[in-house]
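Try each task before you read its solution.

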Amino acid sequence: MLKPIFAQASEKFQNLPQGKVVWGAVDADRQADLATRFQVNKYPTLKLFRNGEIVRKEYRSQRSVEALSAFVQKQLDSSIVEIQSPEELSQKLNAEKRNVIAYFAQPSGPEYDSLKKVASILREDCSFYVGNGPAFAAQTAQGPSLSYKGPNAQEGLAFTGSMQDFNLLKQWLTDKCIPLVREITFENAEELTEEGIPFLILFRHPDDKESEKVFTEAVIREIPDQK
């Protein structure tokens with residue numbers, strides 16, 4: 001039974017400031033509309049919300065007080081890696097991942113707050129780095145700036161909108177951090193199928209990179225709005 005585990009884990013966080021972590025339980029039989037809205041089709045199901053928005057990835061780890069508590073504690077950690085110098089950025093940046101790099105004179109203000117919210121939503125899909133301080137004076141001379149750098153990309157793509165516009169920033173980064181064509185694995189197959197959308201699947205040999213490239217280009221060209 002997950003219910004007593006859920007209750008015991010929640011007690012570990014009761015001394016945090018009010019609203020830091022909210023634990024809630026739903027009777028999906030009585031609240032059928034709510035279950036349908038969030039695509040709950042099996043019990044028990046654990047859904048995570050950040051900043052009022054549901055996170056795509058559910059909790060699927062061991063069902064114990066320790067494991068659930070560790071998972072929630074990890075969600076409280078910052079989604080942003082603070083960087084103090086270009087050298088530190090070069091050391092920590094993983095070029096094989098999807099990276100978001102922003103520069104601020106100081107890690108505060110409405111632009112920084114918007115980025116923090118977006119980073120918390122997309123933390124499983126992109127790595128977020130923020131450079132601040134005198135070492136990045138050139139990058140912040142005209143105010144905060146942000147760019148996205150895809151896996152093994154030589155150059156980044158600059159965000160040209162207002163970083164104070166949370167919805168605009170979230171949409172732009174969602175398009176970059178969540179690829180249109182995703183690899184299906186044993187670990188994520190259930191998660192993807194629960195999204196309730198049709199599948200267009202390419203089955204290929206592991207060494208056949210050309211077919212994957214052609215398939216990806218065709219999907220982006222023909223159905224770019226079907227993410």
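**Exercise 1.** Decide whether Glu88 is buried or exposed.

*Solution.* Start with the cut-offs: buried means under 20% relative accessible area, exposed over 50%, and partly exposed in between (1.4 Å probe, protein chains only). Glu88 has a relative accessible area of 18%, so Glu88 is buried.

Before going on, note that this is a predicted model, where local features need pLDDT of at least 70, side-chain atom pairs count only at pLDDT 80 or more, and totals for chains, interfaces and linings use all residues. Residues are numbered from 1 along each chain as its sequence is written, and side-chain values use heavy atoms, leaving out hydrogens and water.

**Exercise 2.** Find which side chain meets Glu88 in a salt bridge (a side-chain nitrogen of Lys or Arg within 4 Å of a carboxyl oxygen of Asp or Glu).

*Solution.* First, look along helix α4 (residues 86-92), which holds both Glu88 and Lys92, four residues apart, about one turn of the helix. An α-helix has 3.6 residues a turn, so residues three or four places apart point the same way. Next, check the distance: the Glu88 and Lys92 side chains form a salt bridge at 2.9 Å, N to O.

**Exercise 3.** Classify the accessibility of Asp27 and of Arg30.

*Solution.* Asp27 reaches 40% relative accessibility and therefore counts as partly exposed. Arg30, at 72%, counts as exposed. Their side chains also meet, in a salt bridge of 3.8 Å, N to O. The whole structure has six salt bridges.

Definitions and conventions: Helix = DSSP H or I, 4+ residues; strand = E, 2+ residues; numbered from the N terminus.
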